[in-house]
Amino acid sequence: MIPILQYTGLPFGGAWVLATVIEILLIMLPVMLAVAIVIYVDRKIWAAMALRRGPNVVGPFGVLQSFADAVKVFLQETIIPAAANKALFLIAPIITFTVAMLAWAVMPFAKGVVLADINVGLLYILAVSSLGVYGVVIAGWASNSKYPFFSAMRAAAQMISYEVSIGFILVCVVLWAGSFNVGAIVEAQRGFGFGVINGFWCSPLLFPVWVMFLISSLAETQRAPFDLTEAESELVAGYQTEYSSMAFALYWLGEYANVLLMCALNATLFWGGYLPPLNFPVFYLVPGLIWLIAKILFGFFLFSWIKATVPRYRYDQLMRLGWKIFLPLSLGFVVVISGYLMATGHFA
Amino acid sequence: MIAAFAFYLFAGVMMTSGLLTIVARNPVHSVLWLILAFFNAAGLMVLTGAEFIAMLLVIVYVGAVAVLFLFVVMMLDIDFSAMRAGFIRNAPLGVLLALVLFGELFLGIVVHSAGNLALGHAASASVTPATVSNTAAIGALLYTRYLFEFEAAGMILLVAMIGAIMLTHRERGDKRGQNAAHQIARRPQDATVNVQPEVGKGVSL
């Protein structure tokens, strides 16, 4: 894009800035639109599993429901509690939303099509997702109210716990791919299973790791069955109890953007990203972006399915799962996988 | 131009938030300013080409250490007037500490600018070639040349962790723990009884 802009007479610096801004918008706007649609999809799937109709009034089959909700929320008054810490109270939802958008910068949408092709891409995603906890914690503290505060405590403990095992899971993938660059990780999955299957999931050593990643990503995004931070029977609405209007909507959007990000990460790290599922030439006729979107949506369907069917965990069970089961298991898999790769001469 | 702009942005925000960390009245604000300072330090490291260290700084300090800081500080019930009461009494000590620190910094800068301190490359060190990413370069150094130091540092951290757990762990006699495997293995027929009591007679449980 830079050469095109330079052709119009811009200097390189200006063209670079303008091109980057356009590319950011090209990623952000579709992601936000996808979030709106995915909220509708989530409600429809959830309704179908509960034998209900779900949203069906606004637009054909209710597809415009999310937009109607957005307009409703936008027209509401923003209420800031008198005892709240005003600046932090307003900054918190912005942090959550921004962080959910930031990580998309290193996501490859097709071969070489990525905003920032940095060689520590996966570490960048880990770093950005570790920032997500601040949105929740600050909201809980700044609200100056009991339930949000409890919720923030839970969120902080939960997200740190599962980030540890996610870190080790990512190490397993990085060991096999030999790179932190997300694009290189996708390319390492080309023809991974017997030259036919594209994707790390088909290896017997990486399949259990993938299962752990799926469960950890549920906990990391605070989705059911790990949605203890907004357990309505215990904590009213959790950290967003005091929020209203657009601040509340930003949490909503940020939460779903995070879920989409985790689905995208799952698709990229284990299901072969923009590669077709099978390594046959005929499948490459379909653009990589379509494959990636299909994989993200399938991952999202798994998330919705779990949300509709699995009851909520108890908090001590959640902590036990994170620290006593996933941490030793994922650490064990790092040792086993690096041992296997060493023995088979993968690093030579 | 863009790099210079980014440098002054990161450096400026870092200095400001560092200062605000000290002057902020509210300890929670203080921690948040500290986090902003960490974040901008990571930005500066990216500018110098140390992207691996920058990401580690964000993951370890911002993502874990500072969250725990915030966790503790948020739960404190602080009386601000009591905190400010001892200010005059402690001020001389603070000034003394500041003077000592300033003196040391000043001395360091004077010695460095006089050329008596070689801060560049050690005699045997070589610059990493541009083709090697700095993640790979750091890994290669840590696991070959500095293997012993690296393992020793890990061992010290492990000992420190075990020590901290031993010091704070308190075994209570009346603890009733849960055995998850035992709970999962329970079946309805082991836990419930189905009785048809005769009219007028009770049930012994």
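Let me start with a definition: Ala, Val, Leu, Ile, Met, Phe, Trp, Tyr, Cys and Pro count as nonpolar, Asp, Glu, Lys and Arg as charged, and the others, Gly among them, as polar. Keep that in mind. The model on screen is a predicted one.

First, the cavities. How many cavities of 30 Å³ or more are there? The count comes to three. The largest cavity holds about 200 Å³ of space. It is lined by 15 residues, and the closest to its centre are A:Gly132, A:Met159, A:Glu220, A:Thr221 and A:Asn258. Helix 10 of chain A gives the most, five residues. Now use the classes. The lining has seven nonpolar, six polar and two charged residues.

Next, the interface. Chain B brings 25 residues to the contact, and chain A brings 28. Together the chains bury about 2200 Å². Of that area, 79% is on carbon and sulfur atoms.

What about charges and polar pairs? The rule finds zero salt bridges between chain B and chain A. Four residue pairs are in polar contact across the two chains.

Back to chain B. Helix 3 of chain B gives the most, with 14 residues. By class, that side of chain B has 18 nonpolar, six polar and one charged residues.

Technical notes. Residues numbered from 1 in each chain as written. Chains lettered and ligands numbered in written order. Predicted model: local features only at pLDDT ≥ 70, side-chain atom pairs only at ≥ 80, totals over all residues. Heavy atoms only, no water. Contact = heavy atoms within 4.5 Å. Buried area = accessible area lost by both parts, 1.4 Å probe. Salt bridge = Lys/Arg side-chain N within 4 Å of Asp/Glu carboxyl O. Polar contact = N/O pair within 3.5 Å; in protein donor to acceptor, adjacent residues only side chain to side chain. Helix = DSSP H or I, 4+ residues; strand = E, 2+ residues; numbered from the N terminus. 1 Å grid on protein atoms, 1.4 Å probe; cavity = no way out; pocket = protein on both sides within 12 Å on 5 of 7 lines; lining within 4 Å. Points joined across faces, edges and corners; volume = space filled by probe spheres on them.
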